[in-house]
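Thanks, everyone. Please bring the structure up on your screens, and we'll walk through a few parts of it.

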Amino acid sequence: MKLYGGLDLHSNNSVINIIDENANTVFKKRIANDLTQIKAYLKPYFNELTGLVVESTYNWYWLVDGLMEAGYKLHLANTAAIQQYSGLKYGDDDSDAKWLATMLRLNILPEGYIYPKEQRMIRDLLRKRGQLVQQRTKNLLSIQGLYDRHINGRISANNVKQLTKEKIEKHFSDSNVCLSIESNLIALNCVSQQVKIIEKSLSKQVQLSDEFINLTSIDGIGLILGLTIMLETGDISRFDKVGQYASYCRCVNGARYSNGKKKSKTNTKNGNKYLAWAFVEAANYAIRYNDSIKKYYQRKLAKTHIMIAKGAVAHKLARACYYILRDGVVFDVNKAFGAHP
């Protein structure tokens, strides 16, 4: 008899629920997050288990990798797309684990992509770079805000980088303000140094593959954005249609329509936030450096809000990237944005 397993993963324990073809519970137990123990409890069911479902929580790496290495067929549940069975009056960890197994049994499980382990670490290092860049930007904006607030002064990003303690004390008489700016500046310089170290390490480990090198034919996509798109996308063949890829990049509005009318919003966070960031960044640069894309953006901006207009450009670029990767071609701005005088 075929068996189906669900693991409701928490920070310090997991709840296992194994069901048969008739949805009857064969085994259930709460177990400490110890891989040896989990494998020991699963071992009696190894031959009958069709698959195991683990939620895509923040800490799934060790569990999924360990069980896959032990020979189990793993499925990563997309938690953002799962809806709990509405007929339940009372829900707990046991019912959550059973529902994961039940969706696998019914073949209705919304699955997440289990990124290859050997490439995942490099991808996560690139994500760490993005996190540090955001911290650098926050410190930069904080310094600019202090100048604007206290002396109604504008200071460019380049001038911020050239600040010294002496220059700051010359601009401000209050020691508390000076210390605030110096603190931001020290953090900014420290983060900038670490970003360079990460970029140097990445350049030694990974390069754009032949499949992804054509992405740089798009004005606005350089090495870092190209690597981000490559490492976050993975194999493009896992997306059957361009709309699926655009949705995965969070470039599609979440909405539900019936009879031509909008009935409700859906989960707009369902997708890859790093690809969403990459295509918005690419849109900002493309608007700046490509005249055709700039004109398209300006036409959109004349009719709607700036973020919606930029989102429209990001959506176009995501769709263009799909065809570039699928067909192995270079970017054609006229196909992507239309030929306009």
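Start with Arg 123. Relative accessibility here is 7%, so Arg 123 counts as buried, since the cut-off is under 20%. Keep in mind that this is a predicted model. Arg 123 meets the side chain of Asp 124 in a salt bridge, 3.3 Å from N to O. Asp 124 is partly exposed, with a relative accessible area of 23%.

How many salt bridges does the whole structure have? A search finds 9. One of them joins the side chains of Asp 65 and Arg 120, at 2.8 Å from N to O. Asp 65 sits in helix 2 and Arg 120 in helix 4, 55 residues apart, so this pair links distant parts of the chain. Both Asp 65 and Arg 120 are buried.

Next, Glu 69 and Lys 117. Their closest N and O atoms are 3.1 Å apart, in a salt bridge. Glu 69 is in helix 2 and Lys 117 in helix 4, so the pair ties together parts 48 residues apart in sequence. Glu 69 is exposed, at 59% relative accessible area. Lys 117 is partly exposed, at 39%.

Now strand 1, residues 3-9. Buried or exposed? Mostly covered: 7 of its 7 residues are buried. One side has Leu 3, Gly 5, Leu 7 and Leu 9; the other has Tyr 4, Gly 6 and Asp 8.

And its neighbours? Strand 1 runs parallel to strand 4, with 5 bridges. Leu 7 has Val 54 as its bridge partner there. With strand 2, strand 1 pairs antiparallel over 6 bridges. The two form a hairpin, with 3 residues between them.

Notes: Residues are numbered from 1 along each chain as its sequence is written. This is a predicted model: local features need pLDDT of at least 70, side-chain atom pairs count only at pLDDT 80 or more; totals for chains, interfaces and linings use all residues. Side-chain values use heavy atoms; hydrogens and water are left out. Buried means under 20% relative accessible area, exposed over 50%, partly exposed in between (1.4 Å probe, protein chains only). Helices (H or I, at least four residues) and strands (E, at least two) are DSSP runs, numbered from the N terminus. Two strands pair if DSSP finds at least two bridges between them. A salt bridge is a side-chain nitrogen of Lys or Arg within 4 Å of a carboxyl oxygen of Asp or Glu.
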